[in-house]
Amino acid sequence: MKFFIDTANLEQIKEAHELGILDGVTTNPSLMAKEGIKGKDAVYKHYKTICEIVKDGDISAEVISTTFNEIIEEGKSLAAIHPNIIVKVPMIKDGVKAIKWFTDNGIPTNCTLVFSAGQAILAAKAGAKYVSPFIGRIDDSNWDGVELIAQIAQIYSLQGFHTEILAASIRSSLHIVKCAEAGADVVTSPLEPILGLLKHPLTDLGLAKFLEDAKKFA
Ligand code: G3P
């Protein structure tokens, strides 16, 4: 399973990259706005910086257009920023049409805002490289987000779809483990749940004891 970080914060991207386990980055307009980046030039420069930090990982950059022609033009500009850019397109009718166009023209896509298996089937049919089910937001609406990951994994495996399942809207370390168990190909998470995977009280207690005992023969 690949690990992506779900942020536009450069310090957090660097920290995850330095850990040696980072395979890519996902961003969205809300995450870019959170970093206070304003204007097309600044946004594009920020994407380029992220690509340069991660070096050989996929970096999702989301279109903010909603009509076919505009999505194509914006997606082409985003893809031109760096070879590692993945054009992130929302699950809407013109978005699906655009994903098919990008697929036919060699531009990889990430289909975002996916909340059902039916939407995931459409994304795969259009040839998206990644499909992004938002599992935290599904949990928030009293459905089971991890169950959707398992359902999509089963469908893709049965049908031979090659689209990678990118579990998004991760809220906890347990979400990451459950998504791995359910068959996600990628998990994109904020930094905190990734670092949370390190933690176990018995590790801390065990290390303290080993270090204490080590003093006896130092
Ligand atoms: O990048 C999309 C997704 O991960 C958003 O997460 O926490 O805003 O539901 P969240």
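This is a predicted model: local features need pLDDT of at least 70, side-chain atom pairs count only at pLDDT 80 or more; totals for chains, interfaces and linings use all residues.

**Entry 1: α1 and α3.** I looked up the crossing of α1 and α3 and found it right-handed. Here right-handed means that the near helix is turned clockwise from the far one by less than a right angle, and left-handed means anticlockwise. Residues are numbered from 1 along each chain as its sequence is written, and side-chain values use heavy atoms, with hydrogens and water left out.

Two packed helices are described by the angle between their axes and the distance between the axes. Helix α1 covers residues 10-18 and helix α3 residues 40-54; they pack at about 15°, with axes 10 Å apart. That makes α1 roughly parallel to α3. My angle classes: under 35 degrees is roughly parallel, over 145 roughly antiparallel, 65 to 115 roughly perpendicular, and the rest oblique. Axes are lines fitted to C-alpha atoms, for helices over the stretch in contact, and angles run from 0 to 180 degrees between N-to-C directions. Helices (H or I, at least four residues) and strands (E, at least two) are DSSP runs, numbered from the N terminus.

Which residues meet? From α1 I listed L10, I13, K14 and H17; from α3, H46, T49, I50, I53 and V54. Contact means heavy atoms within 4.5 Å. By class, this contact of α1 with α3 has five nonpolar, three polar and one charged residues. I count Ala, Val, Leu, Ile, Met, Phe, Trp, Tyr, Cys and Pro as nonpolar, Asp, Glu, Lys and Arg as charged, and the others, Gly among them, as polar.

**Entry 2: α4 and α5.** Next I took helix α4 (residues 68-79) and helix α5 (residues 93-104). Their angle is about 45°, and their axes lie 9 Å apart. α4 and α5 are therefore oblique to each other. The crossing of α4 past α5 is right-handed. On the α4 side I found F68, I71, I72, G75 and K76; on the α5 side, D94, G95, K97, A98, W101 and F102. This contact of α4 with α5 divides into six nonpolar, two polar and three charged residues.

**Entry 3: α6 and α8.** Helix α8 spans residues 145-159; α6 packs with α8 at about 40°, axes 10 Å apart. α6 and α8 are therefore oblique to each other. α6 passes α8 in a right-handed crossing. A117, A120, I121 and A124 of α6 touch L148, Q151, I152, I155 and Y156 of α8. What classes are in the contact of α6 with α8? I get eight nonpolar, one polar and no charged.

Entry 4: Two strands pair if DSSP finds at least two bridges between them.

**Entry 5: β1.** Strand β1 (residues 2-6) is mostly covered, with four of its five residues buried. Buried means under 20% relative accessible area, exposed over 50%, partly exposed in between (1.4 Å probe, protein chains only). Four bridges join β1 to β8 (residues 186-189), in parallel. There K2 has V186 as its bridge partner. Three bridges join β1 to β2 (residues 24-26), also in parallel. D6 stands opposite T26 in β2.

**Entry 6: β7.** In a regular strand the side chains alternate between the two faces of the sheet. In β7 (residues 164-167) both faces are covered: E164 and L166 on one side, I165 and A167 on the other, all buried. Two bridges join β7 to β6 (residues 130-133), in parallel. Y130 stands opposite E164, and V131 is paired with I165. β7 also pairs with β8 over two bridges, in the parallel sense. A167 stands opposite V187 in β8.

**Entry 7: T109.** T109 lies in strand β5 (residues 109-114). Is T109 buried or exposed? At 0% relative accessibility, T109 counts as buried. I left aside neighbours within four places in sequence and found T109 in contact with I86, V87, V89, I99, F102, A128, K129 and Y130.
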